[in-house]
Amino acid sequence: MSWGTELWDQFDNLEKHTQWGIDILEKYIKFVKERTEIELSYAKQLRNLSKKYQPKKNSKEEEEYRYTACKAFLSTLNEMNDYAGQHEVISENMTSQITVELARYVQELKQERKSHFHEGRKAQQHIETCWKQLESSKRRFERDCKEADRAQQYFEKMDADINVTKADVEKARQQAQLRHQMAEDSKADYSSILQKFNHEQHDYYHTHIPNIFQKIQEMEERRIGRIGESVKTYAELDRQVIPIIGKCLDGIVKAAESIDPKNDSQLVIEAYKSGFEPPGDIEFEDFTQPMKRTVSDNSLSNSRGDGKSELKFGGKSKGKLWPFIKKNKGATPEDFSNLPPEQRRKKLQQKVDELNKDIQKEMDQRDAITKMKDVYLKNPQMGDPASLDHKLAEVGQNIEKLRLEAQKFEAWLAEVEGRLPARSDQARRQSGMYDLQNPPAVNNCAQDRESPDGSYTEEQSQEGEVKVLATDFDDEFDDEEPLPAIGTCKALYTFEGQNEGTISVVEGETLYVIEEDKGDGWTRIRRNEDEEGYVPTSYVEVYLDKNAKGAKTYI
């Protein structure tokens with residue numbers, strides 16, 4: 001089966017068919033391109049959906065994700081984010097492996113098709129030229145033959161006429177012979193051109209056109225095969241991400257299986273437990289006896305620690321039960337005394353942890369400044385040590401302030417946890433008034449006071465605030481001789497040392513390390529005997545000499 005032999009006369013139809021094949025290929029490319037756009041859009045929507053339902057940082061919503069059910073939901077959101085990533089992978093792979101490749105192939109295909117049909121048209125033009133030459137020689141031969149016949153007839157007529165001179169007859173004879181010779185020459189020329197045309201025509205229909213059509217057939221079959229490969233790749237690219245998508249779904253199932261109702265119930269207890277004991281029975285108050293009546297010690301009001309009985313004419317107590325007491329709607333007390341004991345303990349512990357972190361940050365900053373000051377003392381040309389005194393004093397004041405604050409909250413926390421002796425509510429209240437005769441030496445928690453109608457307010461006591469003497473800082477650095485090199489380093493990036501105590505380095509430069517990073521993010525280096533300073537540790541790659549004095553060995 002060959003187009004060259006079967007379709008030797010269908011040049012125009014083959015041209016239309018191959019153009020249609022290229023159109024089909026371009027249509028498929030457009031289809032895949034639109035699929036990639038859909039995948040990207042779907043992935044984007046999934047990511048936006050996952051982001052929309054992610055808990056906001058430092059919000060109440062973030063605290064809710066302690067529960068296993070919420071954690072499972074969060075895991076689902078994260079898995080959906082990964083799920084979206086796989087659709088992006090599909091889009092990227094289809095673009096690179098199908099769309100881009102086929103677009104390049106289409107351009108090559110168009111060029112090849114153009115070349116083949118150009119060659120075919122050239123062959124057509126050649127055979128048409130040969131045909132025209134044949135027709136021209138044929139007409140010339142025919143014309144010469146007719147002219148020879150007329151000349152022969154004229155000669156015979158002149159020769160038969162007795163009135164014509166011998167000279168005229170000779171002239172007619174010569175003319176007839178000339179025309180006859182011309183006819184013979186035209187015949188020979190026509191025969192030669194005819195023979196040549198037949199040869200060219202045979203080559204055209206049996207050699208040139210079959211070869212050209214065969215190339216076009218092979219080109220078309222390659223195009224069809226390429227579409228088949230692309231369709232297969234299309235399916236394989238989808239299949240490749242199925243295992244990862246399956247893992248995403250397995251992660252969601254695993255998150256669902258990790259939901260623990262009992263654990264969530266325990267978290268609810270931890271979140272809302274007040275620490276109060278359930279109230280006891282309320283004693284019967286006999287209003288028929290003229291006696292001083294007080295609320296029972298085991299009443300709900302006393303369990304809260306701020307109940308007292310007031311007598312009115314008519315004998316009705318206005319002491320309120322603590323679950324229904326309305327609290328002041330002012331600012332939250334500093335010691336969180338408005339919260340139940342257990343919740344108050346958690347808040348105080350959280351505050352103490354935050355203050356300790358702040359203290360550690362300030363201490364790190366103080367150490368860095370002290371270190372820089374020591375460098376200035378040893379190398380005055382690098383900077384003025386006195387310029388750091390103000391900053392050092394300011395940091396020291398911040399540390400002391402934070403320590404006092406932390407100790408204040410630790411004292412409140414100790415009282416809540418029972419580590420410090422605290423006055424009972426009965427000792428603090430007598431007949432609805434504070435015992436002011438024997439005030440405590442230290443009172444570092446807010447006092448609960450009852451209002452005349454039985455409700456209570458919270459006030460912060462400023463008395464007896466814990467005072468701690470400031471700690472004096474000793475100079476930890478003594479004058480030493482110039483530090484020896486403990487290794488070398490290579491600058492990974494260019495650093496412009498514009499501040500005092502720093503040194504500028506150029507990317508790729510090699511220098512000596514005289515003091516490694518001690519946790520403050522700076523490494524001390526030396527370029528020569530008179531030029532040294534600090535650079536950010538992240539800007540250099542350090543090579544320590546294990547045998548050097550002062551070098552640390554990391555295991």
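Arg 366 is buried, at a relative accessible area of 11%; buried here means under 20%, exposed over 50% and partly exposed in between, with a 1.4 Å probe and protein chains only. Its neighbour in a salt bridge is Asp 367, with the closest N and O atoms 3.8 Å apart, and Asp 367 counts as partly exposed at 38%. A salt bridge is a side-chain nitrogen of Lys or Arg within 4 Å of a carboxyl oxygen of Asp or Glu. This is a predicted model, in which local features need pLDDT of at least 70 and side-chain atom pairs count only at pLDDT 80 or more, while totals for chains, interfaces and linings use all residues. Residues are numbered from 1 along each chain as its sequence is written, and side-chain values use heavy atoms, leaving out hydrogens and water.

By this rule, the salt bridges come to 27. Let us look at another, between Lys 378 and Asp 374, where N and O are 3.1 Å apart. These two residues are 4 apart in helix H8 (residues 341-378), so about one helical turn separates them; helices (H or I, at least four residues) are DSSP runs, numbered from the N terminus. Asp 374 is buried, at 6%, whereas Lys 378 is partly exposed, at 24%. Shared partners also link salt bridges into one network, made up of Lys 371, Glu 515, Lys 518, Arg 524, Arg 526 and Glu 532.

Now for the aromatic rings. A pair of rings is described by the distance of the centres and the angle of the planes. Rings of Phe, Tyr and Trp (its six-membered ring) pair if their centres lie within 6.5 Å; planes under 30 degrees apart count as stacked, over 60 as edge-to-face and the rest as tilted. The whole structure holds 13 aromatic pairs. One of them joins Trp 131 and Phe 197, a tilted pair with 5.4 Å between centres and 50° between planes. Trp 131 sits in helix H4 (residues 68-160) and Phe 197 in helix H5 (residues 166-257), so the pair ties together parts 66 residues apart in sequence. Trp 131 is partly exposed, at 43%, while Phe 197 is buried, at 5%. Phe 141 and Tyr 190 have ring centres 5.8 Å apart and planes at 10°, so this pair is stacked. Here again H4 meets H5, with Phe 141 in the former and Tyr 190 in the latter, 49 residues apart in sequence.

Which residues touch the most other members of the largest nonpolar core? Among its 39 residues, they are Leu 25, Met 94, Ile 98, Phe 213 and Ile 216. A nonpolar core is a set of buried Ala, Val, Leu, Ile, Met, Phe, Trp, Tyr and Cys residues joined through side-chain atoms within 4.5 Å. Helix H2 (11-52), H4 and H5 each give two or more residues to this core, and H4 gives the most, with 15. Apart from it lies another core, of 11 residues, including Phe 495 and Val 535. Phe 495 also belongs to an aromatic cluster with Tyr 493, Trp 522 and Tyr 539.
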